[in-house]
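The following exercises are meant to be worked through with the sequence and the coordinates at hand.

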Amino acid sequence: MNEKLLKYQKPIRIIIVIAAITGFILNSLGSRTPFRQYAYFTIQSNIMVATVYLILLIKKADSKFLQVIKTQATVAIILTGLVYNLMLRPYLDGIDYEPDTLSDLLVHTITPILVIIEYICFQKTNRTPWYFPLYNLIFPLVYWLFTLVYVVLGGNFNGEDYTSNYPYFFLNFAEFGIGYFLLVLAFILFISYLLFFVNAIFYKKRVSERRT
């Protein structure tokens with residue numbers, strides 16, 4: 001970690017917490033079905049980010065377990081930003097959702113960017129096993145199971161002019177097949193191993209600096 005940047009760590013974490021909390025609250029208040037908003041991966045990933053960074057602000061030391069959870073939150077919010085802007089945003093015309101609002105920008109763009117910046121600048125570097133990035137599949141897979149249980153218990157993701165039991169089209173295996181879902185999982189692994197290699201590079205640099 002760059003010691004010169006360390007003084008900015010707490011302020012940017014505070015900003016992340018404020019952005020994430022403000023984003024999911026505004027997103028809920030602006031919806032005709034506010035409670036259902038919490039069933040979306042977008043809101044859950046923002047809540048996870050807000051919770052993790054709030055804990056990091058309170059705790060004086062970061063445990064290994066908390067670092068694992070932080071990495072999962074980082075990957076989840078990056079996935080939220082990329083999937084929305086690359087896969088979902090082009091198909092939002094004509095449905096009851098208003099893109100480019102403040103709440104939309106916060107949960108899908110601003111918070112993900114802030115988390116990426118915080119990770120690059122302040123993530124603790126350490127030696128981790130090659131399978132460490134596989135843990136980042138846990139939250140998305142749990143979310144997928146959550147959506148199945150949510151619908152079985154009577155929940156839905158219906159809009160004004162459409163009905164759906166799926167929050168995102170790539171979870172609708174019956175209509176779109178499993179390919180898109182596997183693509184998303186592969187993308188999660190790509191992001192995870194990219195962060196893994198970035199961490200490894202910074203770790204080697206830190207070890208090298210200690211030896212000189």
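**Exercise 1. Locate Tyr143 in this predicted model, decide whether Tyr143 is buried or exposed, and describe its surroundings.**

Step 1. Tyr143 is a residue of helix 5, the helix that spans residues 138–152.

Step 2. The relative accessibility of Tyr143 is 4%, and because buried means under 20% relative accessible area, Tyr143 counts as buried.

Step 3. Leaving out residues up to four places away in sequence, the residues that Tyr143 touches are Ala39, Tyr40, Phe41, Gln44, Pro167, Tyr168 and Leu171.

Step 4. Among these partners is Ala39, whose backbone oxygen is reached by the side chain of Tyr143 at 2.8 Å. The two residues are 104 residues apart along the chain, while their C-alpha atoms are separated by 8.9 Å.

**Exercise 2. Work out how helix 2 passes helix 4, and which residues make the contact.**

Step 1. Helix 2 comprises residues 41–58 and helix 4 comprises residues 102–122; their axes come within 11 Å and cross at roughly 35 degrees. The crossing is left-handed.

Step 2. On the side of helix 2, the contact is made by Thr42, Ile43, Asn46, Val49 and Tyr53, and on the side of helix 4 by Leu106, Val107, His108, Thr111, Val115 and Glu118.

Step 3. Within the contact, the side chains of His108 and Thr42 are joined by a polar contact of 3.2 Å. His108, a residue of helix 4, is buried, with a relative accessible area of 6%.

Step 4. Tyr53 of helix 2 also has partners elsewhere: not counting residues up to four places away in sequence, Tyr53 touches Arg13, Ile16, Val17, Lys70 and Thr74, as well as Val115 and Glu118.

**Exercise 3. Characterise the largest nonpolar core, stating which residues have the most contacts inside it.**

Step 1. The core has 45 residues, and those with the most contacts inside it are Phe41, Val49, Tyr53, Tyr168, Phe170 and Ile188.

Step 2. Two or more residues are given to this core by helix 1 (9–29), helix 2, helix 3 (64–88), helix 4, helix 5 (138–152) and helix 7 (179–211).

Step 3. The element that gives the most to this core is helix 3, with 11 residues.

**Exercise 4. Which residues is Phe196 in contact with, leaving aside its neighbours within four places in sequence?**

Step 1. Phe196 is found in helix 7 and counts as buried, at 15% relative accessibility.

Step 2. With those sequence neighbours left aside, the contacts of Phe196 are with Thr128, Pro129, Trp130 and Pro133.

Step 3. A further distance can be checked for Phe196 and Thr71, which are 125 residues apart in sequence and 9.7 Å apart in space, C-alpha to C-alpha.

Key
Residues numbered from 1 in each chain as written. Predicted model: local features only at pLDDT ≥ 70, side-chain atom pairs only at ≥ 80, totals over all residues. Heavy atoms only, no water. Axes fitted to C-alpha atoms, helices over the stretch in contact; angles between N-to-C directions. Helix = DSSP H or I, 4+ residues; strand = E, 2+ residues; numbered from the N terminus. Left-handed = near helix turned anticlockwise from the far one by under 90°. Contact = heavy atoms within 4.5 Å. Core = buried A, V, L, I, M, F, W, Y, C linked by side-chain atoms within 4.5 Å. Buried < 20%, exposed > 50% of the residue type's maximum accessible area, 1.4 Å probe, protein only. Polar contact = N/O pair within 3.5 Å; in protein donor to acceptor, adjacent residues only side chain to side chain.
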